[in-house]
Amino acid sequence: MLHDASLQLLMDDLQLATLLDRLKLSSTPQASLERRVRVGSYVTIASPDFKDTFDVQIVDPDQSNPVHSRISYLSPLGSALLGLRLGAELTVPTSSKPRGNKPTASTQQKWIITDVRQHPGNF
């Protein structure tokens, strides 16, 4: 999942406007009081059944390193998380790797934000 998250989104005008609004909202002083995800945040997400959890840090595109759980705010997961609060639910597009000449299958994965912090903590 994090490997796919390192890819940058190709956005239409509406998606880009939405991302820019979320980026602006996430950078306000109130965002940190509301525990909103912003660039630099460490975020824990869990599957709805809480069997799978992931810790990621949202970073600028040039600092992205999925191997170390640092994902760009332009990635599918990063852009979906940006501006959301603790407890929010999100759906992230995922894809499986192609086998042979078969096209890549695309699915939607649901997650719940279980922690938002501005320091690594137990990360």
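**Exercise 1. In what order do the elements of the protein run from the N terminus on?**

Solution. This is a predicted model, in which local features need pLDDT of at least 70, side-chain atom pairs count only at pLDDT 80 or more, and totals for chains, interfaces and linings use all residues. Residues are numbered from 1 along each chain as its sequence is written, and side-chain values use heavy atoms, with hydrogens and water left out.

Step 1. Take helices (H or I, at least four residues) and strands (E, at least two) as DSSP runs, numbered from the N terminus. The protein has four helices and five strands.

Step 2. Read them off in order: α-α-α-β-β-β-α-β-β.

**Exercise 2. Where in the protein is confidence lowest, and where is it highest?**

Solution. Step 1. The average for the protein is 78, and 71% of the residues score at least 70.

Step 1. Compare the elements. Helix H1 (residues 2-5) is lowest with a mean of 46, while E1 is highest at 95.

Step 2. Check the start of the chain. Over residues 1-8 pLDDT stays under 50.

**Exercise 3. Describe how strand E2 pairs with E1 and with E3.**

Solution. Step 1. Two strands pair if DSSP finds at least two bridges between them. E1 and E2 have five bridges and are antiparallel; isoleucine 45 stands opposite phenylalanine 54 in E2.

Step 1. E2 and strand E3 (residues 70-72) run parallel and are joined by three bridges. Here valine 59 stands opposite serine 72 in E3.

Step 2. Look at the loops on either side of E2. The hairpin of E1 and E2 has six residues between the strands, and phenylalanine 50 among them takes a positive phi near 65 degrees. In the loop between E2 and E3 lies serine 69, with a positive phi of about 60 degrees although it is not a glycine. Most residues other than glycine have a negative phi.

**Exercise 4. Is serine 47 buried or exposed, and which residues does serine 47 touch?**

Solution. Step 1. Locate serine 47 in the loop between strand E1 (42-46) and strand E2 (53-59).

Step 1. Apply the cut-offs: buried means under 20% relative accessible area, exposed over 50%, partly exposed in between (1.4 Å probe, protein chains only). Serine 47 counts as buried because its relative accessibility is 4%.

Step 2. List the contacts (heavy atoms within 4.5 Å). Leaving out residues up to four places away in sequence, serine 47 touches Asp52, Lys110 and Trp111. The C-alpha atoms of serine 47 and tryptophan 111 are separated by 4.7 Å, although the two residues are 64 residues apart along the chain.

Definitions and conventions. pLDDT is the predictor's confidence in each residue, from 0 to 100.
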